[in-house]
Amino acid sequence: MQLFHAPGKTHASFDDEHLVAYAGLEPVMRLAERCDLGGLVDEHVTIADRLGVNAAAKIGSIVAGMAAGADSIADLDALRHGGMDKLFDGIRAPSTLGSFLRCLKWGNVRQIERVSRELLARLAKRTPLLPGADTVAFLDVDSMQKRTYGYAKQGAGFGHTKIQGKSVLVRGLNVLASTLSTPLAAPVVTGTRLRGGKANSARGAESFVAESISAARAAGATGIL
């Protein structure tokens with residue numbers, strides 16, 4: 001392992017082929033494999049663009065990168081450090097994953113949302129993800145404005161958000177999100193939807209809430225919701 005020092009920043013780089021920076025990914029991706037994430041992608045996601053080939057491997061790489069803390073395309077390079085290629089196969093380069101994400105159309109995003117909902121249902125069957133959901137569960141739906149910087153950010157627009165209790169107009173991404181929890185379980189994400197930056201809070205909410213309820217029921221929330 002080499003340690004690079006720069007003003008105000010320290011970066012650890014694993015360059016030994018026998019070292020793995022994110023060993024916790026092994027049980028996470030093994031569980032995804034047992035729930036057949038790749039099979040769900042192959043079944044439901046159809047991308048016409050040539051950059052959309054091998055969607056299952058690319059989506060798997062993106063999921064693994066996010067689980068390792070990546071919040072940008074460049075951060076997905078963490079999957080190629082050290083001995084990661086010995087632990088996992090099918091890892092794709094950040095540039096490849098970025099091109100894949102940019103080629104997706106609205107219909108493809110909806111297909112991936114379906115994969116997410118069905119994967120959640122399979123996870124709930126294989127793990128004690130939502131104990132007590134057969135008695136009572138809470139579905140929380142909210143809109144939010146995620147602030148972004150730079151005029152070239154795709155999908156960004158001006159919208160209202162609250163910062164320190166005050167409503168302010170900021171440039172960012174307008175998101176609908178839903179989470180499911182029980183008195184015994186922490187919240188899990190049941191759905192997300194990106195909208196135009198100027199969209200009001202209720203835009204698309206009716207269909208989104210309906211999908212979130214269906215996802216909650218499929219995940220085992222058979223009691224009071």
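Predicted model: local features only at pLDDT ≥ 70, side-chain atom pairs only at ≥ 80, totals over all residues.
Q: Why is Ser 212 called buried?
A: Ser 212, which lies in helix α7 (residues 205-218), has a relative accessible area of 1%. Buried means under 20% relative accessible area, and because 1% falls under that cut-off, Ser 212 is called buried.

Q: What makes the pairing of the side chains of Ser 212 and Ser 178 a polar contact?
A: The side chains of Ser 212 and Ser 178 are joined at 2.9 Å, and a polar contact is a pair of N or O atoms within 3.5 Å, one able to donate a hydrogen and the other to accept it. The value of 2.9 Å lies within that limit, and the pair is therefore counted as a polar contact.

Q: Which residues is Ser 212 in contact with, leaving aside its neighbours within four places in sequence?
A: With those neighbours left aside, Ser 212 is in contact with Leu 139, Ser 178 and Thr 190.

Q: Why does Glu 33 count as exposed?
A: Glu 33 lies in helix α1, and its relative accessibility is 61%. Exposed means over 50%, so Glu 33, at 61%, counts as exposed.

Q: Why is Gly 196 called partly exposed?
A: Gly 196, found in the loop between β6 (185-195) and α7, has a relative accessible area of 33%. Buried means under 20% and exposed over 50%, with partly exposed in between, and because 33% lies in between, Gly 196 is called partly exposed. Leaving aside its neighbours within four places in sequence, Gly 196 is in contact with Asn 174 and Arg 203.

Q: Why do Cys 35 and Cys 103 count as buried?
A: Cys 35 has a relative accessibility of 1%, and Cys 103 has a relative accessible area of 6%. The cut-off for buried is under 20%, so Cys 35 and Cys 103 count as buried. As for disulfides, the structure holds zero.

Q: How do helix α1 and helix α3 pack, and which residues meet?
A: Helix α1 (residues 25-34) and helix α3 (residues 55-67) pack at an angle of about 145 degrees, with their axes 10 Å apart, and α1 passes α3 in a right-handed crossing. Leu 25, Val 28 and Met 29 in α1 meet Gly 60, Ala 64 and Ala 67 in α3.

Q: What makes one residue of the contact of α1 with α3 polar?
A: The residues of this contact divide into five nonpolar, one polar and no charged.

Key:
Residues numbered from 1 in each chain as written. Heavy atoms only, no water. Helix = DSSP H or I, 4+ residues; strand = E, 2+ residues; numbered from the N terminus. Buried < 20%, exposed > 50% of the residue type's maximum accessible area, 1.4 Å probe, protein only. Contact = heavy atoms within 4.5 Å. Disulfide = S-S within 2.5 Å. Axes fitted to C-alpha atoms, helices over the stretch in contact; angles between N-to-C directions. Left-handed = near helix turned anticlockwise from the far one by under 90°. Nonpolar A, V, L, I, M, F, W, Y, C, P; charged D, E, K, R; others polar.
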